[in-house]
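Please look over the sequence and the model shown here before reading on. The notes below are meant as a briefing to be read beside them.

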Amino acid sequence: MDEMDQLRKEADSIKDQITAARKAGQDTSLQEAVAGITVVGRVQLKTRKTLRGHLAKIYAMHWGTDTTLCVSASQDGKLIVWDSISTNKVNAIPLKSSWVMTCAYAPSGNLVACGGLDNMCSIYNLKGKDGNVKVMRELAAHTGYLSCCRFLSDSEIITSSGDCTCVLWDIETGTQKTVFAGHQGDCMSLAVSPDFKFFISGACDFTAKLWDIREDACRQTFSGHESDINAIGFFPNGNAVITGSDDATCKLYDLRADQELITYQDSSIMCGVTSLAPSLSGRLILAGHDDFNVNIWDTLKAERVGVLAGHDNRVSCIGVSTDGMACCTGSWDSFLKIWN
Amino acid sequence: MAEAPQQQQEVKEEEEEEEQQQEVKEEEEEQQQEMEQQEKEQQEKEQQEEENQEEEQQEEEQQEEEQPDSSEGSEEAKESVPMPKARPLLSMRSMSIVDPEDKSPNMIVYRKIEDIVTRIQDETEGVPIRTVKSFMTKIPSVVTGADIVQWMMKNLAIEDPAEAMHIGSLIAAQGYFFPISDHVLSLKDDGTFYRFQAPYFWPSNCWEPENTDYAIYLCKRTMQNKTRLELADYEAENLARLQRAFARKWEFIYMQAEAQVKIDRKKDKTERKILDSQERAFWDVHRPVPGCVNTTEMDIRKCRRMKNPHRVKKSVYGLAEEGTQAQSPIHTPSHLGRKGTKEDVEKEISFLNLQLDRHCMKMSKVADSLMTYTEQYMEYDPFVTATEPSNPWSSDDPSFWDVEASKEPSQQRVRKWGFSLQEALKDHAGQELFLKFLESEFSSENLRFWLAVQDMKRRPQQEVAQRAQEIWTEFLAEGAPSSINLDSHSYERTSHNLKDPGRYSYVDAQDHIYKLMKSDSYARFLRSNLYQDLLMARKKPETEQGRRTSLEKFTRSVGKSLTGKRLTGLMQSS
């Protein structure tokens, strides 16, 4: 037998052993364990605000930390910072490249970042001395499009790319500090753990990976999806991971059990998941789909408890504010809507 | 003399063109014949259906005549004769033309839609597709919107009609069935007539029709004298624009359009009606009415990874490609992910071995942990529990945030600090209180150390080394003013790290101190008077509230005179 075949066989046999071990840990299923609790009542959120101003598809949005400010990126080549309560535009930042795919708000509120087909992550300083918002850094090294970025602080940012890697950057020097390689398909999305020690990435190889930021290592890999993972997020206590995929399902994986807990699916949901966000307690998962709707799931009972229908085109991004008061959806119809 | 060869050249060119056109025509005729065959088969099916339905109706009538007393025994009969169950979606042999191995996002959805659309047209289990007589004409091969919605609710196990409408609209928007009298591809739950799209035009064929084809299409519509083929305003505008864009080859386009018209004329009248509407629906998908969503738009991150760029179909009317096979600019052959090398597999094996050795929690414990967490936090989740005061977005009243920002945290918020040390430290007010408590116990250096390290992690790179040194001097050096109690192992590790100070130099020490606080000080903090008083909202005599209480008592004791009462009233209302 060829050496590669032998190695692959060995890998497969260990995988089988792992599957068996995980099964042994299944002294119950999540469904059985939650049989005693009742489903959350029907969740009906209303559109409270519509943020108008973009002229083309919105690809991404991100809430600021502990604030009503949020940032959105659109293919009209603009990054807009909104005060969601008044619907005023605090900043409208023109971008060099209009093919933007992601944006992020730093926890401090001082910086925003974006990137896309230009393969770069551009950092903008919102609190510049003369009041103008200018490019502070251009982080260039990726060989594929920038799919997602998230700040750890004003000094560090993590990016995911279509070149199958994720990178930790030092913003001050503009250099790559760590390259997290391992995915075998475009990395589509990433999320940082509540304690900022880990991050997770979802990719077009249908897997999600947990990375140790400090140790530069992939700690765990989760599979099970049948198509690209487009969206990923941490459960609020940081012990579980939620993924959303083109196979029209969302899945919940537990880090300590190292396996999938439950799948959120319904035969009448046919279109892929583009984005997701858990509610503050984690009891609800809000998932945006290609079919213009947002589906709301009871995380524990895996039942659909609500639908948000208000956009006239794909829902491309979704986010729940830090205090859990409101959810913001962005769509290809060029509008952002605030719901609660 | 020079003219002769040129003329000859021209003649040759013309001959070549004619030959080409002849070829093209033959190709087109072949395609048309294929379509005609499909249409014939469909028609035959429909005729069969009609006959079957008539037979069924006759049978039913007969049965009714034979069993006049069926109503009495019918309930019993129902129980004893089980109704045939509707076949579940998956057991049907898929008639979808999508390659089952194709996992690209759009194809997955097309496959699902095609399964539904095949079932819905099924002779026995589908909707009744019939020819409707109207005024002087017959409308062939139609079904009503209401029929479609009803079928979906019954066969896809959908209880909510809104959901059936949602799925139906999705299928209509992709052009798999379409309203025969409207360019806008939406589904209506009423008597509006719909027709099914021919598989030739299905989106899963990777259509990317060129503007030349669109021009030919619009052009030929203007050549035929039928009201149903009249151009809509936006189509007339499109045609005008295309005429300008293709000014130089308009003659060619015109001729192609004429050829199409000739071919169309040969067809049977009914077939033509059906084909024309299907062709129009195709263009409604690829050149939608202004204001309608273009369902063919794809996420740019995905379309660059299309599996088979050469599968893309571009020409509806079999036009010879001009020049080389023009590949779609967005369909670049992608790097289909990294191919596994021997090193990759070896890495994978060592990774897998680590996974195998890791100790995993049992599901029951994990489930418990999730349930406990959500239960604890659900009362703080505005989407589950209404907030008090009201949610600022619904009421436009920001008092909720004012309360949060005030110096006096609510009981609910104070209670949250008891959930975990992490929660207490997350809230600035909680952090302050915990620090105050530690100061009273003369052990505040632990928390101050922890906070200093958190701050250092966020500093710009050039400040890190200095901060690290400052922290060492303050907390860890011999004779440090705020000496913390670190185990020898962590101490060794930390002093080693500081030889090359970085953001994570103190991580071990920080983790150790955090665990210490959590297991020791935090537990005592929760039991302390400082915390409990705030939690129970106990009023202390030194505070303003206490003073007011004593004043109230005094005022009351003054007497029940009118003045006294008025005074008391004033005090109470303030």
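This is a predicted model: local features need pLDDT of at least 70, side-chain atom pairs count only at pLDDT 80 or more; totals for chains, interfaces and linings use all residues.

Residues are numbered from 1 along each chain as its sequence is written, chains are lettered from A and ligands numbered from 1 in the order in which they are written, and side-chain values use heavy atoms, with hydrogens and water left out. The topics below include the second largest pocket, with a volume of about 1,400 Å³, and strand β19 of chain A, of whose six residues six are buried.

- Residues 139-179 of chain A are 0% helix and 61% strand, with their end C-alpha atoms 13 Å apart; here helices (H or I, at least four residues) and strands (E, at least two) are DSSP runs, numbered from the N terminus.
- For residues 180-221 of chain A the figures are 0% helix and 57% strand, and the end C-alpha atoms lie 13 Å apart.

- Strand β18 (residues 229-234) of chain A runs antiparallel to β19(A) and is joined to it by five bridges, two strands being paired if DSSP finds at least two bridges between them; A:Phe234 has A:Val241 as its bridge partner in β19(A).
- The hairpin of β18(A) and β19(A) has five residues between the strands, and A:Gly238 in the turn has a positive phi of about 75°.
- Strand β20 (residues 250-254) of chain A is likewise antiparallel to β19(A), with five bridges joining them, and A:Thr243 has its bridge partner in β20(A) at A:Lys251.
- Four residues lie between the strands in the hairpin of β19(A) and β20(A), where A:Ala248 takes a positive phi near 70°.

**Pocket and cavity**

- The second largest pocket is lined by 42 residues, of which A:Lys15, A:Thr221, B:Glu348, B:Phe351 and B:Leu352 lie nearest its centre; on a 1 Å grid over the protein atoms alone, a cavity is a set of points where a 1.4 Å probe fits but cannot get out, a pocket is an open set with protein on both sides within 12 Å along at least five of seven lines, and lining residues have an atom within 4 Å of a point.
- Among the elements that each supply at least two residues of this pocket's lining are α1 (3-24) of chain A and α11 (342-357) of chain B.
- The second largest cavity has a volume of about 100 Å³, volume being the space filled by probe spheres set on grid points that are joined across faces, edges and corners.
- Of the 13 residues lining the second largest cavity, A:Leu95, A:Ser97, A:Cys114, A:Asp118 and A:Ser122 lie nearest its centre, and β7 (111-116) and β8 (120-125) of chain A each supply at least two lining residues.

**Individual residues**

- A:Ser155, in the loop between β10 (146-151) and β11 (156-161) of chain A, is buried with a relative accessible area of 3%, and a polar atom of its side chain lies 3.0 Å from the backbone oxygen of B:Arg459.
- A:Cys327 belongs to strand β27 (residues 327-331) of chain A and is buried, with a relative accessible area of 0%.
- Most residues other than glycine have a negative phi.
- A:Asp66, in the loop between β2 (58-63) and β3 (69-74) of chain A, has a positive phi near 55° and counts as exposed at 66% relative accessibility.
- A:Asn119, in the loop between β7 and β8 of chain A, has a positive phi of about 65°.

Methods
Buried means under 20% relative accessible area, exposed over 50%, partly exposed in between (1.4 Å probe, protein chains only). A polar contact is a pair of N or O atoms within 3.5 Å; within protein, one must be able to donate a hydrogen and the other to accept it, and residues adjacent in sequence count only if both atoms are side-chain atoms.
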